[in-house]
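Trainee: I would like a close look at one chain of this model and at the side that it turns to its partner. Could you take me through it in one connected account?

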Amino acid sequence: MTAIPIPHIRQRPSTGRLLLYAATSLLLVFLVAPILVVFPLSLSSGELLVLPTPGYSWRWYADFFTSQRWLLATYNSFVVGILTTLIATTLGTLASIGLYLGRFRGKAFVLAVLSLPMVTPVIVTAIALYFSLSAVGLGSTLTGLVLAHTVLSVPYVLLTVLASLQAFDPNLLRAAASLGASPLQSFYRVVLPLIMPAVATGALFAFATSFDELIVALFIASPDQFTLPRQMYAGIREFLSPTIAAAAVLIILLSVVLLMINETIRKRAIRHTLPPTDRTP
Amino acid sequence: MVTKRNLLAAALIAPLLLLVLVSFIVPLGATLYRAVEDAEIPTILPQTTALLKQWDGEALPSEQVYRSLITELRDAQEQQKAGPVLNRLNFEETGLRSMLLQGLRASGRFAGSTKEGLIALNPRWGDPQFWGLVKRSTGPWTPLYFLRSVDLKLGPDGAVVPTAEEEAVFIKLFLRTFEISLTVTLICAVLAYPIAYTLSILPQVWTNIGIMLVLIPFWTSILVRTTAWFIILQREGPINALLISLHLVDQPVTMIFTRFAVYLAMVHVLLPFAILPLYSVMKGIKPDYMRAAASLGAPGWRRFLRIYLPLSMPGVAAGAMMVFMLSVGFYITPALVGGSGDQMISYFIAFFTNTSVNWGIAAALAALLMGMTGVLVAIAWLLVPGFRAGGVRV
C-alpha cells in the first residue's frame with residue numbers, strides 16, 4: 001500500500017509562531033553573544049577592554065605567547081589534562097567492563113561510590129583534597145592536581161562506557177570463545193571496537209573536565225602549578241588586561257574543537273547503528 | 001562459573017575503586033569529620049585536658065590547673081601553636097582570646113599564686129563557668145560547629161540557644177543560597193521551554209544549527225563565560241558604552257558586583273543544562289496526540305495545557321533539578337560578578353578554609369551543603385524519570 005500523498009500546503013506562520021521564533025532567536029543570541037564579544041576584545045590594539053576597540057592588533061596574543069606565566073599555565077593544563085585523561089579513561093573503562101561482567105550484590109553501591117565525585121559540590125571536593133593532599137605532601141604538586149582531576153572526571157567515563165555496554169550483546173563473547181578466542185583476544189577484537197566511541201567520548205569529557213577545572217586548582221595549586229583557568233582567575237583578580245580575553249578566545253576555540261570531535265564520534269556511532277553514547281541529544 | 005566471572009570483575013573494578021577510595025572517599029570523610037572533631041585543646045594542652053577531666057565542674061579548679069593552662073599555653077605560643085587553642089575558645093565565647101592573651105602576658109609578673117594573680121587581673125578567671133567552657137572544649141567531639149552553622153550555640157549551662165544577632169549569619173546565608181538558586185532555576189525553566197520547543201519542531205537543518213548554538217556555550221568553560229560577563233558588565237564595558245551611545249542613560253549603570261549580574265551570568269551558564277533534557281523529551285512527544293486532541297475539537301491553548309505540557313513535564317523537571325543542584329553549589333560566578341551580599345554557601349566554605357581559618361565551620365557548612373545536594377539527588381532519582389538519562393558536566 002502506498003501512502004496517500006499529502007498535498008503540500010504552504011501556510012503563513014501564525015503570529016504566535018513568529019513570536020516563538022523571535023523569542024528563540026533572541027535567547028540563542030543571548031547564549032552565544034557573550035562568547036562572541038570576547039573575540040573583538042582580544043584583538044583590540046588598546047589597553048582597555050572596551051568596545052568599539054580603538055583598532056585591531058595581535059599584540060595580546062603576542063603577549064600571551066611570550067608571557068612566562070601564561071605559557072607555563074598552558075603547559076600545566078595540557079600535562080594535567082592529558083595525564084588525567086589517560087588514567088581516567090583506562091581505569092574507568094576497565095571498571096565499567098567489570099561492572100558489566102560482575103554478578104554480585106552491591107554493584108549499584110559500587111557504582112554510586114564511583115560516581116559520587118560527580119554529584120558532590122566541587123567546593124566540598126576541593127577542600128577535602130586541599131586538607132588531605134597537603135597532609136600527605138602532595139599539596140602544590142601536579143601529581144595532586146592529576147589525582148584530583150582524575151577523581152572528578154572518572155564518573156563521566158564510567159557512565160558513558162557503561163551506557164554503551166548496556167547495548168552490548170553477550171552472545172558475541174560466546175561466539176568469540178567458540179571460535180577459539182582467548183578472553184583477552186575477545187576483549188581487544190570484539191568488546192573494545194564496539195565500545196570505542198563511548199570510550200572516546202568519555203576521554204573527551206575527562207579532558208574537558210580537567211582543562212576547565214578551576215575550584216580544586218584554586219585550593220591546591222601554587223603559582224608553579226597554575227593551570228589556564230587558575231591563571232585566568234588570578235589575572236581577573238589582579239589586572240584585567242586584554243591578554244585575558246586572548247586566553248579566553250584560545251580556550252573557547254579548544255572547546256569548540258572538542259565539541260566538534262565529540263559530534264563526529266556521535267554521528268559515526270549512530271551511523272554504525274550503535275546506540276548514541278553521548279548525553280547530548 | 002559465576003565466581004570466576006566475579007573475580008575478573010573485581011580485578012577490573014579494584015584499581016579505580018582503590019583510587020576513588022584513597023583520593024576521594026577518605027579525604028571527604030576526614031574533612032566532614034572535622035565538623036564534629038574537637039582536637040585542638042586535647043592535642044595542644046594535654047595536661048590541662050587531663051586535669052580538667054577530673055575536675056567536678058562545681059568549685060573553682062585548683063592552682064595546679066591554672067598553672068598548667070598558663071604553662072602549656074605559653075609553651076604552645078613559643079612554638080607558634082597557640083593559635084588554634086585561642087581560636088577554639090574564642091569560638092566558644094567571643095572575648096576569651098583577649099582574656100587568655102592578657103593572662104598569658106601578665107603571668108610572668110605574678111609573685112605568688114597564678115590563680116590569685118589571674119583572678120585579680122580579670123574576675124572572669126574566677127568564674128567556674130569559664131572553666132566549664134574550657135572543659136567542654138576538651139573533646140573528643142563537639143556539636144558546636146553544626147549548631148553554629150544554623151545560628152545556634154551552647155549556652156554556658158549546656159542548653160541550645162540562638163546566637164547573638166550580629167553572629168547569626170548562616171540561616172540568612174542558606175536562605176540567600178536557596179533564593180538565588182530558585183530564581184535561577186525558575187528563569188532557566190521558563191526560558192528553556194520556548195527554545196527547546198522551537199528546536200523540536202524546526203526542520204532538521206535549523207535544529208542542528210540551534211543545537212550547536214546551545215552546545216557551544218555548554219562546552220565552553222564556566223570560568224570563560226563568567227569572565228565574558230565580567231568584562232561585558234564593567235562600568236566602561238560594552239553594555240554601558242552601548243547604552244550611553246544610544247542616549248538611554250547619561251551615566252554608566254552599575255551592573256557588575258550586583259545581584260542582577262549574578263542572575264544574568266548564572267542563567268547564562270546554566271540555561272543549556274535546562275534546554276538539553278527538555279529538548280530530548282519534547283523530541284519524543286508524538287505529534288499524533290496533539291492531532292487527536294485537535295480532531296476532538298480542543299482549541300490550541302487547551303491542547304497545550306492538557307496534552308503537551310504534561311507530556312513535556314519530565315523534561316522540565318529533569319532540567320530544573322539539574323539547574324537547581326548545580327546552582328546550590330555555585331562558587332566562581334557569584335565570586336566574580338557578585339557583590340558581598342550575593343555570595344552563597346560555597347563562598348563561605350572557601351572563606352572559612354582559606355581566609356578566616358575556621359575549619360570546623362567550613363566542614364559543617366560543607367556537610368550541610370552535601371546533605372542538601374544528596375537530598376536533591378535522591379528526589380531527582382526517585383521522582384524525575386529523565387534525570388538518570390541526563391548527564392552533568394560542571
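Mentor: Chain B of this predicted model has 19 helices and two strands, where helices (H or I, at least four residues) and strands (E, at least two) are DSSP runs, numbered from the N terminus. Its radius of gyration is 29 Å, well over the 21 Å that the globule rule gives for 394 residues, so chain B is more spread out than a compact globule; the radius is taken over C-alpha atoms, and the rule is 2.2 Å times the number of residues to the power 0.38. Along the principal axes, the C-alpha atoms of chain B fill a box of roughly 100 × 80 × 40 Å. The domain assignment, whose bounds come from an automatic or database source, gives chain B domain 1 (40-142) and domain 2 (170-383), and the centres of these two domains, taken over C-alpha atoms, are separated by 51 Å.

Residues are numbered from 1 along each chain as its sequence is written, while chains are lettered from A and ligands numbered from 1 in the order in which they are written. Because the model is predicted, local features need pLDDT of at least 70 and side-chain atom pairs count only at pLDDT 80 or more, whereas totals for chains, interfaces and linings use all residues; side-chain values use heavy atoms, with hydrogens and water left out.

Turning to the partner, 81 residues of chain B are in contact (heavy atoms within 4.5 Å) with 81 residues of chain A. Together the two chains bury about 7,400 Å², 83% of it on carbon and sulfur atoms, buried area being the accessible area (1.4 Å probe) that two parts lose on being put together, summed over both. In chain B, the residues that lose the most area to chain A are L16(B), F24(B) and W219(B), together 11% of what that side buries. Helix α1 (residues 2-33) of chain B gives the most to this side, with 18 residues, and by class the side has 59 nonpolar, 17 polar and five charged residues.

Within chain B, the side chains of D38(B) and R88(B) meet in a salt bridge at 2.6 Å, N to O. D38(B) lies in the loop between α1 and α2 (40-44) and R88(B) in helix α5 (residues 82-92), so the pair ties together parts that are 50 residues apart in sequence.

Key: Ala, Val, Leu, Ile, Met, Phe, Trp, Tyr, Cys and Pro count as nonpolar, Asp, Glu, Lys and Arg as charged, and the others, Gly among them, as polar. A salt bridge is a side-chain nitrogen of Lys or Arg within 4 Å of a carboxyl oxygen of Asp or Glu.
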